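Hi everyone, thanks for coming.

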Amino acid sequence: MNYSQLQQDGFCIVPDVLTPEELASVNAAVDAAIERSRRLGVATYTKGMDPNDRNIRLYTLAEFDPIFVELLRKPSALELVSGLLGNNFIVSSFSGNIALPGSGSMSLHADQALVIPPPWNEAWTMNIIWCLDDVHEGNGATRYVPGSHRFRNFDDVPDDALLHSRAFEAKAGSIIAMDGRLWHTSGRNVSVDERRAMLFAYYAMDFIRPQTNHEAALSSGTKAALDDDARALLGLGAAANVRIGANLVQLVDSDLVDTTHTMGQEFDRTS
Ligand SMILES: O=C(O)CCC(=O)C(=O)O
């Protein structure tokens, strides 16, 4: 049901994915991440992307707390991701946008169009958006242009697309699964005192270069604490984009070529 809506409309909303206790823990981790970023002097506002500093941006969430890695691999999220993208995907980026009252709207965009040139014939990327607050028009919920996941190139995007946009409505603890081709933007938070926190877990087919190079962006301590599944999901390790090639090599002669060795390891041994 969710998956067919995701295919047809370019999004679906799944309520109650997080229990109240999980929601409280994720919110506490977000607060701690903001605090740590500020203490370390990491910018929490990206000039040029948001109209003002009422948006708090958090990047590379996996670095901040293991709870964010657990969100990335929640079965209810991964079912939707594999439903749309198949089984060969990795995390392209995982960021947060906490829109405080007074925050403005960024530019309309589709996340797939940010990483792949047109034509966008298939869904090769998608977001699982974690709603940490009730989100709605007034507090700046993400706005989407209905049917825009069918746009195949930039010429298909009407000049007045934004006028046709609508705000997602979802309760705290829900996820919104969104086709990477759906054109969207952040809304304006015109409320008096409502925070709007949403986390954007962006998944992409494994042959697309990720937005965040987690090998470079994560600290060695964080990487060392990850298990093999989490490492694979984050695209870590020296080998990249060898999936199809590795199978071919095994077909040629699985005794001659040990595909478990990465090129980096080979280099270490011979240097
Ligand atoms: O915060 C939002 O509602 C949308 C954020 C977004 O689309 C982005 O950061 O690329």
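Is it buried, exposed or partly exposed? Leucine 78 has 16 C-beta neighbours inside 10 Å, so it counts as partly exposed. To be buried it would need 20 or more, and to be exposed 12 or fewer. You'll find leucine 78 in helix 4, which covers residues 75-85. Now look across to alanine 161: it sits 83 residues from leucine 78 in sequence, and the two C-alpha atoms are 30 Å apart in space.

Before I go on, please keep in mind that this is a predicted model.

Okay, zooming out. How is the chain divided? There's domain 1, residues 2-233, and domain 2, residues 239-271. If you take the centres of these two domains over their C-alpha atoms, 34 Å separate them.

Now the strands, and I'll begin with strand 9, residues 196-205. Eight of its ten residues are buried, so strand 9 is largely enclosed by the rest of the structure. Which strands does it pair with? One is strand 3, joined to strand 9 by ten bridges, with the two running antiparallel. Strand 4 is joined to strand 9 too, through seven bridges, and that pair is antiparallel as well.

Serine 93 has tyrosine 202 of strand 9 as its bridge partner. Serine 95 is partnered with phenylalanine 200 in strand 9.

Strand 3, residues 89-99, is worth a stop of its own. Nine of its eleven residues are buried, so this strand, too, is largely enclosed by the rest of the structure. Strand 3 also runs antiparallel to strand 2, and four bridges join them. In strand 3, alanine 99 is the residue standing opposite asparagine 55.

There's also an open sheet of three strands, in the order 6-5-8, with antiparallel pairing. Its edges are strand 6 (166-167) and strand 8 (184-185), each pairing on one side only. Strand 5, residues 143-144, pairs with strand 8 over two bridges. There, arginine 143 stands opposite threonine 185.

On to the inside of the protein. In soluble globular proteins, nonpolar side chains tend to be buried together. Here the largest nonpolar core has 59 residues, and the ones touching the most other members are Trp130, Ala177 and Ala201. Strand 9 comes up again, giving the most to this core with seven residues.

What does alanine 177 touch, if we leave aside neighbours within four places in sequence? Its contacts are Leu6, Phe11, Cys12, Leu80, Met126 and Ile128.

Next, the ligand. Which residues are around it? They are Asn97, Thr142, His184, Ser186 and Met198. Sort that shell by type and you get four polar residues, one nonpolar and no charged ones.

Most residues other than glycine have a negative phi, and most peptide bonds are trans.

First up is the bond between proline 118 and proline 119, a cis peptide bond with omega about 5°. Proline 119 is in the loop between helix 5 (111-115) and strand 4 (125-131).

Then there's threonine 60, with a positive phi near 50°. Threonine 60 is in the loop from strand 2 (55-58) to helix 3 (66-72). Buried or exposed? With 21 C-beta neighbours inside 10 Å, threonine 60 counts as buried.

Asparagine 241 has a positive phi as well, near 55°. Its loop lies between helix 8 (228-233) and helix 9 (243-253). Asparagine 241 has 12 other C-beta atoms within 10 Å, so it is exposed. So we have a positive phi at a buried residue, threonine 60, and another at an exposed one, asparagine 241.

That's my tour. Thanks, and I'm happy to take questions!

Key
Residues are numbered from 1 along each chain as its sequence is written. This is a predicted model: local features need pLDDT of at least 70, side-chain atom pairs count only at pLDDT 80 or more; totals for chains, interfaces and linings use all residues. A residue is near a molecule or strand if its C-beta atom, placed from the backbone, lies within 6 Å of it. Ala, Val, Leu, Ile, Met, Phe, Trp, Tyr, Cys and Pro count as nonpolar, Asp, Glu, Lys and Arg as charged, and the others, Gly among them, as polar. Two strands pair if DSSP finds at least two bridges between them. Domain bounds come from an automatic or database domain assignment. A nonpolar core is a set of buried Ala, Val, Leu, Ile, Met, Phe, Trp, Tyr and Cys residues joined through C-beta atoms within 7 Å. Two residues are in contact if their C-beta atoms, placed from the backbone, lie within 7 Å.
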